[in-house]
Amino acid sequence: MKTPGHLGEVMALDRLVHEPARLLILAVLAGAKQVEFGFLENMSGLSKGNLSSHMSKLETGGLVAVKKSFRGKRPLTELSITAAGRRALAAYRQQLAMVMQELPEPTAATKRK
Amino acid sequence: MPANVQGRLRQVEELTRSYARYSRSAGGLSSVLGGVLCLIAYFGGPLLPSMPLTRAVLIAIPAGWLLAKGWMTHHYYQRLGHVEQQETPAERRMHRLCVAVVLLVALAITAGLGTVAKQHSWFLPAGMLGYLALLWLLVLATWRWLRSPLDFIIGVFLFCQAALVSGGGYYPLVGTTHTHQAMLMSLVALMFPLVALAMIAKGLAEHRQFRILRQRLEQLRQSTSAEA
C-alpha cells in the first residue's frame with residue numbers, strides 16, 4: 001500500500017530530533033557555542049535524570065557533544081551542538097515546513113467542530 | 001502544531017543567542033562601570049595629587065574592572081547558567097588582530113627597555129618593572145577578556161594609564177602640555193573619555209535589554225515547565 005504524500009513526509013521526520021524535549025535542547029544549543037547543563041535544565045523544565053537521558057541519546061546520535069569537567073569541586077557539564085546536529089535541525093525544519101504545505105486544509109465541517 | 005513548533009524553535013534559539021551575548025560581547029552594567037572607571041583614570045591621573053594611595057588605586061583599576069566584569073557576568077547576567085556566545089568569523093579575526101597588535105607593541109617596548117637596561121648593567125627601576133608587568137597583563141587580558149571593540153579600547157586605556165602611573169607618569173590632558181610629543185599624546189588620549197561615554201550609553205542600553213530578556217526567558221521557562 002502506498003502512503004499518501006503528506007504521510008510519507010511525516011514518516012520521514014527524524015525521530016531523534018522530533019521528540020519535543022530533544023527538539024528544545026537542539027534549539028537552545030543552536031543559539032550558542034556552548035551551554036551549561038543548568039541553563040538547559042532551567043529552560044526545559046525537565047528533571048536532571050530526564051534531561052541526561054535525552055542528552056545521552058543526542059550524544060549517541062552524534063548531534064550533540066558533551067564536555068564534563070569540574071569548576072572547583074563542582075562537576076560541570078557543558079553541551080554544544082555538532083555540525084551534524086545543525087544539519088539535522090535544519091533538515092527537520094524543512095521537513096516540517098513541507099508537512100505543513102502538504103497537509104490538507106481543514107474542511108468547514110472540521111472547522112465548526 | 002508544526003507552525004507553532006517552527007515559531008517556538010526560532011524563539012528559543014533567538015532567546016538563547018541574546019542571553020549568550022552577555023557572556024562575551026555585551027557587558028551591561030560592567031560596561032557602564034568600565035566607562036566610569038575610564039573617566040576616573042583619565043581625569044584622575046593628571047588632576048589627583050600624586051600620592052601612593054591614588055597611584056595604587058589607578059594601578060588597581062584595570063584588574064578591579066576585570067574582576068567586577070567577571071563577577072557580574074557570573075552572578076547576574078548568566079545566573080541561569082553559563083551560555084557561551086558563538087563568535088562570527090569576522091569577530092574572531094578582529095579579536096586575533098587585537099591580540100597580535102598588543103603583543104607586538106609589548107614585544108617592541110620590552111625590547112626597547114631591555115636595550116636601556118643592558119646599558120645600565122641590567123638595572124630597571126621598580127616603576128619600570130611595574131610598567132612592563134602591566135603591559136604583559138594587557139596582552140593576557142586582551143586574549144582572555146577584552147573581546148568586543150569597546151571593551152578593547154577601554155581596557156587598553158586602563159592598562160596603559162596604570163602602566164604609566166606605575167612608571168611615574170600619566171596621559172596628559174589637552175591644553176596642559178607644551179612639548180609636541182606630550183601634546184600629541186594628549187590628543188590621542190582625548191578619544192578615551194569619548195569612548196567611555198559611548199561605553200556607558202551602550203552598557204545602559206544592554207542592561208535594559210537584559211531586563212526584557214530575563215522576563216521573556218522566565219515566560220519561556222514557565223511555559224516549558226508547564227508542558228513538561
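Predicted model: local features only at pLDDT ≥ 70, side-chain atom pairs only at ≥ 80, totals over all residues.
**A helix pair in chain B**

Let's start with α4(B), residues 89-119, and α5(B), residues 126-144, whose axes come within 9 Å and cross at roughly 165°. The two helices, α4(B) and α5(B), are therefore roughly antiparallel to each other. The crossing in which α4(B) passes α5(B) is left-handed.

Which residues in α4(B) and α5(B) meet? From α4(B) come B:Cys98, B:Val99, B:Val102, B:Leu103, B:Ala106, B:Ile109, B:Thr110 and B:Leu113, while α5(B) brings B:Met128, B:Leu132, B:Leu135, B:Trp136, B:Leu138, B:Val139, B:Thr142 and B:Trp143. Sorted by class, this contact has 14 nonpolar and two polar residues, with no charged ones.

**Where the chains touch**

Now to the two chains together: 23 residues of chain A are in contact with 23 residues of chain B. On the side of chain A that touches chain B, α3 (20-30), β1 (34-36), α4 (37-44) and α6 (83-102) of chain A each supply at least two residues.

Strand β1(A) also pairs across to the other chain: two bridges join β1(A) to β1(B), residues 83-84, and the strands run antiparallel. Within this pairing, A:Val35 has B:Val83 as its bridge partner.

Here are the class counts for the two contact regions:

| Contact of α4(B) with α5(B) | 14 residues | two residues | no residues |

Definitions and conventions: Residues numbered from 1 in each chain as written. Chains lettered and ligands numbered in written order. Contact = placed C-beta atoms within 7 Å. Helix = DSSP H or I, 4+ residues; strand = E, 2+ residues; numbered from the N terminus. Pairing = 2+ DSSP bridges. Axes fitted to C-alpha atoms, helices over the stretch in contact; angles between N-to-C directions. Parallel < 35°, antiparallel > 145°, perpendicular 65-115°, else oblique. Left-handed = near helix turned anticlockwise from the far one by under 90°. Nonpolar A, V, L, I, M, F, W, Y, C, P; charged D, E, K, R; others polar.
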